[in-house]
Amino acid sequence: MNTLTFDTVIIGSGTSAYYAARGLQAGGQRVAVVDQQAFGGTCALRGCQPKKYLVANAEAIAAARHLSGKGITHAPQTDWPALQALKNEFLEGIPESSFNGYRQAGITPIRGRAQLLDEHTLQVDDSTLIADHIIIATGSSPRRLDIDGAALAGTSDTFLDLPSLPPRIAFIGGGYISFEFAHVAAQAGSEVTIVHRSARPLTSFDPDAVTTLLHATAAAGITFWPEQTATSIERSGNGLLLATNSGASIEVDCVINASGRSPNLGVLDRASAAIKTSPRGIVVNRYLQSPSHPSIYAIGDVADTGYQLATVADRAGMLVAENILYGNRSPLELDTVASAVFTIPNLARVGLSEEEAQRQGLDFRVHKGSTKNWPSSQRIGEAHSFFKVLIENGSNRILGAHLLRHQAAEVINLFALAIKKKLTVGDLKSVLWAYPTYGSDLNNMIA
């Protein structure tokens with residue numbers, strides 16, 4: 001058995017690990033990155049990036065359909081195998097280039113399954129790795145279904161790699177994965193159903209915006225079953241039969257379990273150190289450090305930060321390098337986190353919700369409405385839209401923004417900047433935005 005010594009070992013090879021490793025290496029440390037899966041991580045290989053190839057196709061199809069009879073005579077159709085080939089062309093070579101990229105940067109990449117033995121020691125297959133610090137960046141995986149026939153359901157990974165599109169698909173869960181892939185499948189021609197255990201889906205987003213999204217979802221031909229808990233999946237003569245607690249059932253060709261993601265905590269199975277965890281991951285302080293084991297840090301989806309977002313993970317990777325090199329001086333600030341659901345139209349948010357602002361006792365006003373009668377919506381045939389902006393009385397600072405419309409995922413970034421820099425309504429109105437654009441519509445949302 002080999003024994004290798006490093007200043008820091010990082011378990012996981014996604015982008016958060018990349019930023020941490022590069023920061024530490026630049027600070028003079030000897031760093032190793034260990035992963036049992038293909039190098040590159042979830043976002044690059046099984047999440048954000050490949051997903052957007054499918055979303056971009058769905059948006060193009062929807063854009064043409066929304067203008068059918070309004071200047072478009074023949075709406076296009078998705079060529080699913082060709083779309084998958086395009087996506088796979090992007091993915092080809094990422095694991096190897098990621099692995100070699102670490103090595104070329106002076107970081108030691110190691111393929112293998114890491115097990116934490118104590119707060120300074122890891123076992124990776126036949127090797128022992130000893131380090132002053134260990135960063136756990138193992139990400140998350142689709143949450144397992146605990147129902148009869150659960151093995152018959154696929155996951156988001158399954159959907160991303162479908163060689164052909166099933167005619168009938170059911171998604172279990174009311175989160176962003178279900179809704180994004182449901183819109184993709186519907187635009188590509190599938191009959192789609194979303195089964196969700198409670199009345200309200202997408203609970204981290206504004207309820208009024210979500211209600212409007214449900215109207216857009218229905219208009220796209222997607223059936224939403226609220227307050228229905230999946231109880232079993234079984235094979236039927238023509239596919240799969242998905243049953244719910246109400247006694248209802250639906251026959252489909254494919255079931256995708258999108259009921260959420262769980263942190264990958266298997267690395268702790270053999271640890272003598274009792275690392276504190278929660279259902280959302282490894283408990284960390286604001287410096288991404290285990291409170292009880294100061295040599296151990298956690299970043300990305302495996303850390304209980306309250307967010308499973310690539311941007312938060314990447315920022316955590318940068319900060320943890322600073323904290324290891326120079327002492328805990330760079331906390332993870334999560335006051336301005338923009339997030340989006342890539343449905344059609346996009347759903348996006350940043351800053352405070354109405355409930356949060358009220359809970360904080362803030363004095364604020366709300367500007368809200370629809371953009372469907374604005375030229376920017378009419379020219380693309382957009383029938384469903386919503387905006388809500390929270391503005392603090394007195395200071396006129398932007399407190400929160402909630403958008404549902406075409407390009408909302410881009411425009412929300414303007415609001416994020418405004419909130420981060422404490423810009424006022426006057427500051428935003430003083431900008432001579434390029435016009436007419438979706439960004440310039442911001443003026444009408446804060447008037």
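Tutor: In helix H3, the residues Pro50, Lys51, Leu54, Val55, Ala58, Ile61, Ala62 and Ala64 are buried, where buried means under 20% relative accessible area, exposed means over 50%, and partly exposed is in between, with a 1.4 Å probe and protein chains only. This is a predicted model, in which local features need pLDDT of at least 70 and side-chain atom pairs count only at pLDDT 80 or more, while totals for chains, interfaces and linings use all residues. Residues are numbered from 1 along each chain as its sequence is written, and side-chain values use heavy atoms, with hydrogens and water left out. Helices (H or I, at least four residues) and strands (E, at least two) are DSSP runs, numbered from the N terminus.

The cover over the buried residues of H3 includes helix H2 (41–46), helix H4 (80–91), helix H6 (156–160) and H7, with contact meaning heavy atoms within 4.5 Å. As for length, the 19 residues of H3 should span 27 Å at 1.5 Å a residue, and the end C-alpha atoms are 26 Å apart, which agrees; the expected span is 1.5 Å times one less than the number of residues.

Turning to the pairing with H7, the axes of H3 (residues 48–66) and H7 (residues 176–188) come within 9 Å and cross at roughly 50°, the axes being lines fitted to C-alpha atoms over the stretch in contact, with angles from 0 to 180 degrees between N-to-C directions. The two helices are therefore oblique to each other, since angles under 35 degrees count as roughly parallel, over 145 as roughly antiparallel, 65 to 115 as roughly perpendicular and the rest as oblique. On the H3 side the contact is made by Lys51, Leu54, Val55, Ala58, Ile61, Ala62 and Arg65, and on the H7 side by Glu180, Phe181, His183, Val184, Ala186 and Gln187. Sorted by class, this contact has eight nonpolar, two polar and three charged residues, with Ala, Val, Leu, Ile, Met, Phe, Trp, Tyr, Cys and Pro counted as nonpolar, Asp, Glu, Lys and Arg as charged, and the others, Gly among them, as polar.

Some backbone features can be listed as well. The peptide bond from Ile344 to Pro345 is cis, with omega near 0°, and Pro345 lies in the loop between strand E19 (339–341) and strand E20 (346–351). Leu288, a residue other than glycine, has a positive phi near 70°, and Leu288 counts as buried at 1% relative accessibility.
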